[in-house]
Amino acid sequence: MNSFTVRMARWSALHPWRAIIGWLVFVVLCLGLGSAVGVNSAKTADYRVGEAGRAEAMAAEGQLERRSTEQVMISARPGALGETAARTAVEAAAKDLTTRFERLPEVEGVAEPVLSGDGGTLLVEAALKGEERDAKDKVDALVAQTGAVQKANPGLLLEETGSPSISKGVDKQRGEDLALSEAITLPVTLITLLIVFGSVTMAGVPLLLALSSIAAAVGLSMVVSHISPDTGVGTNLILMIGLAVGVDYTLFYLKREREERARSQGKLSSEALVELAAATSGRAVVVSGLAVVVSTATLYLASDVIFSSLATGTIVVVLVAVLSSLTVLPALLVKLGRRAERRERRRAERGKPVRRRTRGESGGRVWAALLRPANRHPVATLCVAVLALLALAAPLAGLKITEMSRDTHSREIPAMQVYDRLNEAFPERRVTHDVVVRADAGRSGEVTAALSKLAELAHTDPLFTDTERIRTSDDRRVSVLELKVPHLGNSDEAYDSLDHLRDEYVPATVGGIEGAEYGVSGDVARYSDYPAHQNSKLPLVLGALLLVTFAMTLYAFRSVVLALLGVVLNLLSAAAALGLLVLVFQGSWAEGPLNFDSTGSIGSRVPLFLFVILFGLSMDYQVFVVSRIREAVLGGVPTRQAVLDGIRSSASVVTSAAAVMTTVFTSFVFLHIIEMKQIGFVLAVAVLLDAFVIRVLILPAAMLLLGEASWWPSRGVRRPVRENREASAVAADVR
């Protein structure tokens, strides 16, 4: 009762208004500081990995890096103009638009208009200045000029697309999706909490604390982004994880306080009850939060700016959620407890019976029934449950991981609709490969000759078009050959063309230049190199994750057996969840119900992200449930009875926490971004499996079979068990 969590709770309970006001000030300061320093967004260079990244760095050194471009297709509306008049009007509009674009400070240059194969469409392409990642912030000026030309030519149709306008459309859609997610999650979470507590006030506490934690975390993440750059996905994750763990941590604390209040029958003050909750559930919350933080930190080992951004957002929001449970939550519980005590005193003064709410403390008949298989037939239950999870994991054998490209974006984005029409009208411009060569300036002529020979080889290959361009830097040290491919970026043909370049044509030409450095970049190269980079880092991250999970469980329970069991159970649930993900998203049978177009693959970030986040979140249930079991064993209860009682007593909390987490994650299935949809689905499935298969069937069955060996080598747990057995034997002898 003198631990750090208890001391924090004690101070908060004795000074509730200071704690509450202090928390509000903290949230406001976080938001204010974040707004003041702003967000440090990741730059294009931060995303570079593999050969494509090295090639892009060389091109940037020679100021030949690829610029973001906007394309405008100009055509006559059907029946609006005659053939000759239409051609004249289209050419005039293209000239007008080119002039307007060239005047814009955001534009670096405008290419000569290109006529489509059918002769009905002119294409105007403008390259934007500055960072590729910042181009979406500059595209409005071009859209305005396109709109002006369209207004002046009602008989024509001007359609604009390009990486900047698509990125802007994706951001807008993401914002609308998040608003929908919030509209689904918040009411359902509130209803769940109302069912758990039967009180609007008590149900509102977890939700308000979670939302305030999210607000503080958003502000802090802006500050931290100046150390670890933000990639634009951090806010999504802060909302998803913050609401899940924020409600869960508060729920654990609240339920324990209510149990102690019901058990004391009014004999303990609100301050004492808060201290009891802090000594038990409070410690579990801190250990759970640290487990999530340490597990998530393994994502930094992936050496990827997106994973680093995801890790930073998760760590910040979890730490803030833990802080809220240590500081402001005890103060709120004391204030609410005192109000309840005053209400009961008034009832007693009026001669009315005192009400003792015990909702959910006993575990109920339902959970007794659910635990019956593990209790009566632990071996059979363990075998059947494990085999079922392995069966769910079986589709993993067909797992196909790819980088989700621009072609996978939702077609509800207007710029994507134009993008599809652009690919139809100008198929020869679908994909561009950049062959980058860096050599001594004196070898510039040799490099140019080799690149020309490479272009000739590509012309004989049906995977390439006969369009190419060679650019050389001012210092003549860097050269870039652009090759066009008439296939979509996510097609097998596009990947085959990349393989032909890297494996055959480049080594046979520029590969023979002494001292030259070279590489192939471009969108397809990025899509190819990123999964390869992830696969190379996967063993390191997973190894660190397993080690961290083992160490955290060992620290929490002082048991090697439970630490190993926790690792195995987490692997089982993660593998089963991934298997279901493959079954649903790599096929097409679920496209209608879940509103997605299957890419026949899983996003490259999803598996690793699932393992890391799930291992951390699973510790919530593991720590909370096993802590209750350990607490009973330390009190002298035999392990077998402690397992059953501990799981029954924590069942309502685990169920409620799982319901909240599942609601939050499921809401992301309604998003349009396929990778976020997959992440939401797999996390929701993993939480359900963890809560209702792992914790109800496999964990109790395994611990019942292990018995006292579950606690090896912890003497602190085994001693009370031994003493209790000896006392029972003495009592039997006396009788």
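The secondary structure of this predicted chain comes to 23 helices and 11 strands. Helices are DSSP runs of H or I with at least four residues, strands are runs of E with at least two, and both are numbered from the N terminus. The C-alpha trace spans about 110 × 55 × 45 Å along its principal axes. Of the 735 residues, 53% count as buried. Buried means under 20% relative accessible area, exposed means over 50%, and partly exposed lies in between, with a 1.4 Å probe and protein chains only.

The model is predicted, so to read it: local features need pLDDT of at least 70, side-chain atom pairs count only at pLDDT 80 or more, and totals for chains, interfaces and linings use all residues. Residues are numbered from 1 along each chain as its sequence is written, and side-chain values use heavy atoms, with hydrogens and water left out.

**Surface patches**

Patches are made of residues with over 30% relative accessible area and no salt bridge; like charges are joined within 9 Å, and nonpolar side chains (Val, Leu, Ile, Met, Phe, Trp, Tyr) within 5 Å. A salt bridge is a side-chain nitrogen of Lys or Arg within 4 Å of a carboxyl oxygen of Asp or Glu. Lys and Arg count as positive, Asp and Glu as negative; His and the chain ends are not counted. Each charge is placed at NZ of Lys, CZ of Arg, CG of Asp or CD of Glu. Areas come from the Shrake-Rupley method with a 1.4 Å probe, and for residues only the protein chains shown count as cover.

A patch of negative charge on the surface gathers Asp492, Glu493, Asp496, Asp499, Asp503 and Glu504. Glu493 sits in helix 16, residues 492-508. A patch of positive charge brings together Arg339, Arg342, Arg343, Arg345, Arg346 and Arg350. Here Arg346 belongs to helix 11, residues 328-349. The nonpolar patch is formed by Trp17, Ile21, Val25 and Leu29, with about 430 Å² of accessible area together. Ile21 lies in helix 2, residues 16-37.

| Residue | Relative accessible area | Class |
|---|---|---|
| Glu493 | 34% | partly exposed |
| Arg346 | 42% | partly exposed |
| Ile21 | 49% | partly exposed |

**Backbone in the loops**

Gln63 has a positive phi near 55 degrees and is not a glycine. Its loop runs between helix 3 (50-61) and strand 1 (69-76). Gln63 counts as exposed because its relative accessible area is 64%.

Arg558 also carries a positive phi, about 55 degrees, without being a glycine. Arg558 is in the loop between helix 17 (523-557) and helix 18 (560-585). At 41% relative accessible area, Arg558 is partly exposed.

The peptide bond from Trp712 to Pro713 is cis, with omega near 5 degrees. Pro713 is in the loop between helix 22 (674-706) and helix 23 (715-734).

**A buried threonine and a distance**

Thr161 lies in strand 5, residues 156-162. Thr161 is buried, with a relative accessible area of 1%. The side chain of Thr161 reaches the backbone oxygen of Ala415 at 2.8 Å. A polar contact is a pair of N or O atoms within 3.5 Å; within protein, one must be able to donate a hydrogen and the other to accept it, and residues adjacent in sequence count only if both atoms are side-chain atoms.

Leu571 is in helix 18. Leu571 is partly exposed at 35% relative accessibility. The C-alpha atoms of Leu571 and Asn423 are separated by 43 Å, and the two residues are 148 residues apart along the chain.
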